[in-house]
Amino acid sequence: MSRLLALSRFRDAVLGLALLCAAAALMLWPQEAMSAARDGLTLCANVIIPSLFPFFVLSSLVVELGLAGYLGRLLEGVMRPLFRVGGPCASAVALGFIGGYPVGARTALSLYQKGMCTRTEAQRLLAFCNNSGPAFILGVVGTGVFASSRAGVLIYLAHAAASVCVGLLFRFYGREKGGKEGHPPPCIRTTSFPAAFTTAVRDSFLSTLNICAFVVFFMVVIRMLTLSGLLTGLADVLGELLAPLGLNAMWARRLLTGVLELTSGVSSLTGEGSLTGRLSMAAFLLGWAGLSVHCQVLSFLGESDLSPRTYLIGKFLHGTLSALFTAALARVFPLGAPVSALLAQQVDDLAALDFSTALSLSTVAAWMTFLVFLLLSAAAIGKNAGHSRRGML
């Protein structure tokens with residue numbers, strides 16, 4: 001007991017000291033803190049809100065209207081053998097690849113809360129369904145950071161392949177109570193469209209604001225750590241530890257920045273260093289996603305009984321595999337060769353979108369995805385109706 005009390009007091013002392021240092025940093029550099037907050041708000045206005053809000057609404061509608069359940073009847077034969085999760089979980093995987101962080105994790109939690117998957121299946125799903133969207137990788141990372149649409153395509157292929165590999169690995173995670181694999185019966189509870197739509201818009205707006213708060217907070221934290229010299233000092237220490245791997249303090253600083261906040265870390269890769277090394281680190285940071293994204297996901301999981309451990313282990317594996325796959329692909333496919341002019345033009349246009357255009361395109365993409373889910377659900381209903389009629393005959 002005395003050791004636990006001592007540990008608790010030490011933790012409280014460290015936390016109190018950190019808060020005092022944070023308050024001192026804000027008083028020493030108030031203008032820099034405001035500038036970092038403004039940069040974070042700009043990022044939220046131009047990227048976060050237009051890219052996430054429509055897909056949050058979409059994910060809520062897919063679950064609330066029962067489309068995930070109908071889709072699950074079509075894809076049960078695919079999802080169960082590959083990932084040991086039910087067919088409805090396919091909606092979380094699909095939306096995670098299209099909508100970006102943290103749409104997949106939010107959809108997985110909604111499926112679990114609606115009884116469309118078991119706790120073990122939700123834990124498996126969280127390990128690999130929370131991925132970066134193609135717009136961010138192709139537009140911001142590929143064209144914006146590396147000035148190469150080929151680089152963006154290469155990283156996205158490695159990112160997607162690593163996510164699938166993590167899902168295959170986590171199919172061996174856990175067992176249901178009693179030692180039997182959970183096969184919950186189709187639980188398709190639908191809500192009227194007006195009620196589902198208003199609830200989806202309200203909850204999605206609150207979730208988007210929650211995410212923006214974390215983005216702004218971590219932008220300020222990184223700026224304060226940089227100004228205080230603490231980030232540089234930690235990078236020097238980490239650089240010495242990683243020296244056997246060929247990484248110096250510059251690479252360590254990039255890594256630390258990306259571990260905290262993804263966008264800042266990826267943006268730092270425009271400087272010195274080999275192209276393959278910078279691509280591999282970008283792939284790792286995209287797979288890891290950063291503490292900012294993790295806090296966003298944990299804010300959703302806080303009200304559930306799902307453990308964040310599986311999610312965090314999955315993201316670390318995702319980052320590691322993405323880096324390895326990217327390094328291998330960079331050796332096989334040289335990045336100096338030109339890509340299709342059509343693809344390059346599309347990616348260049350994507351990187352230069354303003355708020356209104358980005359919001360419009362994101363909304364259209366979300367509703368087109370919703371239409372696909374609706375058509376697949378209608379096909380599942382028709383298939384089930386056909387089976388029922390044959391059974392009656």
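**Group meeting: a first walk through an all-new model**

Okay, so the chain has 17 helices and 0 strands; helices here are DSSP runs of H or I with at least four residues, strands are runs of E with at least two, and both are numbered from the N terminus. Keep in mind that this is a predicted model, where local features need pLDDT of at least 70, side-chain atom pairs count only at pLDDT 80 or more, and totals for chains, interfaces and linings use all residues. Residues are numbered from 1 along each chain as its sequence is written, and side-chain values use heavy atoms, with hydrogens and water left out.

Now the overall picture. Of the 393 residues in the chain, 45% are buried, and buried means under 20% relative accessible area, with exposed over 50% and partly exposed in between, using a 1.4 Å probe and protein chains only. The chain exposes about 18900 Å², and carbon and sulfur atoms supply 70% of that; the areas come from the Shrake-Rupley method with a 1.4 Å probe, and for residues only the protein chains shown count as cover. Take the contacts between residues at least 6 apart in sequence: 80% of them join residues at least 24 apart, where contact means heavy atoms within 4.5 Å.

Here's one pair to look at. Ala151 sits in helix α8, residues 149-169, and it counts as buried because its relative accessible area is 1%. Ala151 and Phe333 are 182 residues apart in sequence, yet their C-alpha atoms are 9.9 Å apart in space.

Next, a helix pair. The axes of α10 (residues 230-241) and α11 (residues 249-260) come within 8 Å and cross at roughly 120°. Those axes are lines fitted to C-alpha atoms over the stretch in contact, with angles from 0 to 180 degrees between N-to-C directions. So α10 is oblique to α11; under 35 degrees would be roughly parallel, over 145 roughly antiparallel, 65 to 115 roughly perpendicular, and the rest is oblique. On the α10 side, the residues making the contact include Leu231, Leu234 and Leu238, and on the α11 side they include Ala252, Leu255 and Leu256.

Last stop: which residues other than glycine have a positive phi? One is Arg84, with phi near 55°. Arg84 lies in the loop between α3 (67-83) and α4 (90-99), and it counts as buried because its relative accessibility is 13%. Another is Ala289, with phi near 85°. Ala289 is in the loop between α13 (275-288) and α14 (290-301), and at 0% relative accessibility Ala289 is buried too.
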